Each structure stands twice: as C-alpha cells, then as structure tokens.
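User: I would like to learn how to read the features of a model like this one. Please take them one at a time, giving the general idea and then the case at hand.

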Amino acid sequence: MLVLVRSVDELRTTLQMWRSHGLRIGFVPTMGYLHEGHLSLLSMARNHADRVVVSIYVNPTQFGPGEDLDRYPRDLEGDRQKIEQAGADLLFVPTTQEMYPAGAQTYIQVRELSLLLCGVDRPTHFQGVATVVAKLFHLVQPDVAVFGEKDYQQLQIIRQMVRDLMFPVKIVGGEIVREPDGLAMSSRNAYLTPAQRQTASCLSAALRLVRWAFASGETNAETLLRLATHRIGQEPDAQIQYIELCEPDTLLAVQGAAKPEDRMFLAVKVGSTRLIDNAPLMGNSTLDG
Ligand code: AMP
C-alpha cells in the first residue's frame with residue numbers, strides 16, 4: 001500500500017524502519033503531473049530495490065524569472081493513483097517551508113556542465129536542480145535513484161554531483177518514453193494546442209533524420225547539425241533555442257567527425273512552450289520503436 005508523507009520527520013521515521021530491516025531503497029524524484037515516462041522510472045527503481053520512494057515537488061529554485069512555475073500543471077490525486085498502481089511504496093510531497101527554510105544560503109553548483117546547452121538560456125536552472133536533488137538525497141538516503149534520459153544534461157549533472165560529493169547512491173538512467181508519433185513525453189506537453197502538438201513532432205523527426213543520415217555514412221558534425229536545423233526550420237511555429245551535437249559524458253561540442261555514441265540535443269520553442277529532446281547518433285533508441 002502507498003503511504004503519502006508530507007513532513008520530513010515522518011519520512012525519516014518510515015525510512016529508518018525500512019533500513020533497519022535491511023531493505024534497499026529506490027528513489028524517483030519528480031515534479032508531478034505524471035505520465036508513462038515517469039512510470040517507467042518507477043518500474044526501473046522497483047527492479048533495483050525493495051522499497052520505492054517517489055517525490056513530487058515543483059522546485060521553485062529551478063525556475064527562472066518569467067518561467068512557468070505558477071502555471072506548471074499539477075494533479076496530486078491523479079498522480080497518487082498512478083503511483084499506487086505502479087506499485088511504489090511511499091510518496092513524499094514536501095512543502096517549500098521544509099525544503100527551503102527561511103534564510104537558506106547553501107546552493108550546489110556543478111560548474112562546467114551547468115553552463116552548457118540548457119544552461120545558456122536558463123543560467124540558474126541546474127543550480128536549483130542540483131540543490132534540491134542533494135537535499136532529497138540527504139532526506140531519502142536511497143541506494144539507487146533513477147533519472148530519465150529525456151533530461152540527459154540533468155542526468156549527467158547529477159552523476160557528476162554524486163561523484164564530487166561522494167553520495168553513496170547508484171544513479172540509473174531511464175530511456176525516453178515517447179508518444180506514438182515520437183514526441184518525448186513531458187508534463188509540459190499539456191500546454192500545447194492541437195496545432196502546436198502536431199508541430200512538436202518535428203523534434204523527434206529531426207533526430208530520426210540525423211540518425212538515418214549517420215547510419216547512411218554521414219559523419220560530419222556540421223552537416224548533421226545543418227540537417228536537423230533545416231528540418232525544424234520547415235515548421236513556422238517552431239523557434240530553435242539550440243541544436244548541438246555533443247560528446248555524451250562531457251557534453252562538449254563535437255568538432256569534425258562524429259562518433260556513434262555522440263548525442264544530438266535539441267531545445268525548441270513551440271509557441272511559448274519550450275521542448276527538449278536528445279538521442280545518440282547510433283545504437284538503441286526509443287525513436288526506432
Ligand atoms: P520531471 O517531473 O519533469 O522533473 O521529471 C522527473 C523525472 O522523469 C526526470 O528524471 C525526467 O528526466 C524523467 N522523465 C521526464 N519525461 C520523461 C520521458 N518522456 N521518458 C523518460 N523519463 C522522463
């Protein structure tokens with residue numbers, strides 16, 4: 001049965017009891033408004049642990065001025081039912097008073113990785129993410145935590161933070177779950193009008209095109225970038241924020257010939273909704289499925 005916990009004290013009590021019985025804890029942090037992508041992470045956590053903890057917290061420090069903090073979609077009761085059906089054991093829904101006590105001064109910065117890609121347009125975003133994830137790791141003390149490759153830069157930043165700060169947790173990445181037309185599932189897809197929803201499939205279409213070109217022998221980074229830019233440029237309602245081809249661990253831009261494991265990253269605004277997606281040039285991808 002799923003336990004809903006709102007306070008840090010209650011969370012600690014339950015987790016201490018589980019740990020005293022030698023149970024392994026798996027953890028999936030989210031901002032709620034759950035979809036199949038989130039649920040796939042829950043089942044991965046299940047495979048690695050005896051008890052699964054999910055958090056729902058729309059973390060204010062990862063939103064910049066003018067971003068969608070106030071209108072971010074929320075549906076706690078719907079989420080609770082999905083999490084219960086997925087077989088998780090504890091849902092933690094903390095308050096901002098507890099997560100950021102008045103006068104909080106400590107923030108975590110993963111310096112280089114946070115400046116690239118999404119960090120250019122969202123300069124304080126990853127500091128907010130790293131800080132809240134570090135706090136949640138201290139509270140939950142999971143053995144395993146699962147993050148989606150949908151937010152690949154975030155996944156790499158968490159991995160770096162875990163190494164640098166020696167958190168005793170194994171980080172597992174989950175594949176991107178997609179809609180039938182290829183659009184990566186996201187809570188923010190709820191913002192799209194039907195016409196924008198059609199336009200939004202250009203991100204996955206561009207990634208597919210680039211993977212096809214690479215498989216056909218095109219390895220030049222500039223040519224691959226141009227192909228993706230041209231595909232998205234065909235959509236009048238799509239505004240490119242960045243299209244980059246990066247080395248998968250450092251996220252540094254690929255120069256010259258690309259390798260199969262290099263990844264293409266896209267951030268595109270459709271109307272006022274900012275969408276992101278990414279894929280490796282070759283190898284398994286849910287784009288093929
Ligand atoms: P969010 O609620 O957007 O903060 O996401 C919570 C977690 O779910 C993060 O680790 C995301 O990377 C992951 N996630 C979001 N969308 C997807 C998706 N379509 N497929 C797989 N994981 C996802």
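**Reading the fold, feature by feature**

Analyst: Of the 289 residues in the protein chain, 52% count as buried. Buried means under 20% relative accessible area, exposed over 50%, and partly exposed in between, with a 1.4 Å probe and protein chains only. This is a predicted model, in which local features need pLDDT of at least 70 and side-chain atom pairs count only at pLDDT 80 or more, while totals for chains, interfaces and linings use all residues. Residues are numbered from 1 along each chain as its sequence is written, and side-chain values use heavy atoms, with hydrogens and water left out.

User: How many helices and strands does the protein chain have?

Analyst: Helices (H or I, at least four residues) and strands (E, at least two) are DSSP runs, numbered from the N terminus. The protein chain has 11 helices and 9 strands. Its radius of gyration is 19 Å, close to the 19 Å from the globule rule for 289 residues, so the chain is as compact as a globular protein of that length. That radius is taken over C-alpha atoms, and the rule is 2.2 Å times the number of residues to the power 0.38. The C-alpha trace spans about 55 × 40 × 40 Å along its principal axes.

User: What share of the contacts with a separation of 6 or more comes from residues 24 or more positions apart?

Analyst: A contact means heavy atoms within 4.5 Å. Residues 24 or more positions apart supply 73% of the contacts with a separation of 6 or more in the protein chain.

User: What does the surface of the protein chain consist of, and how far apart are the mean positions of its charges?

Analyst: Accessible areas come from the Shrake-Rupley method with a 1.4 Å probe, and for residues only the protein chains shown count as cover. The protein chain exposes about 13,700 Å², 51% of which comes from carbon and sulfur atoms. For charges, Lys and Arg count as positive and Asp and Glu as negative, leaving out His and the chain ends; each is placed at NZ of Lys, CZ of Arg, CG of Asp or CD of Glu. The 28 positive and 33 negative charges have mean positions 2 Å apart.

User: How many aromatic pairs does a search of the whole structure find?

Analyst: Rings of Phe, Tyr and Trp (its six-membered ring) pair if their centres lie within 6.5 Å; planes under 30 degrees apart count as stacked, over 60 as edge-to-face and the rest as tilted. The search of the whole structure finds 5 such pairs. In the case of Phe137 and Phe167, the ring centres are 5.6 Å apart and the planes are at 75 degrees, so the pair is edge-to-face. Phe137 lies in helix 7 (residues 125-140) and Phe167 in the loop between helix 8 (152-165) and strand 6 (170-174), so the pair ties together parts that are 30 residues apart in sequence. Phe137 is buried at 3% relative accessible area, and Phe167 is buried at 12%.

User: Where is Phe265, and is Phe265 buried or exposed?

Analyst: Phe265 is in strand 8 (residues 263-270) and counts as buried at 4% relative accessibility. Among the residues that Phe265 touches, not counting those up to four places away, are Leu117, Tyr152, Tyr242 and Asp277.

User: What is the phi of Gln141 and of Met166?

Analyst: Most residues other than glycine have a negative phi. Gln141, which is not a glycine, has a positive phi of about 45 degrees. Gln141 is in the loop between helix 7 and strand 5 (144-148) and is partly exposed at 46% relative accessibility. Met166 has a positive phi near 55 degrees. Met166 sits in the loop between helix 8 and strand 6 and is exposed, with a relative accessible area of 68%.
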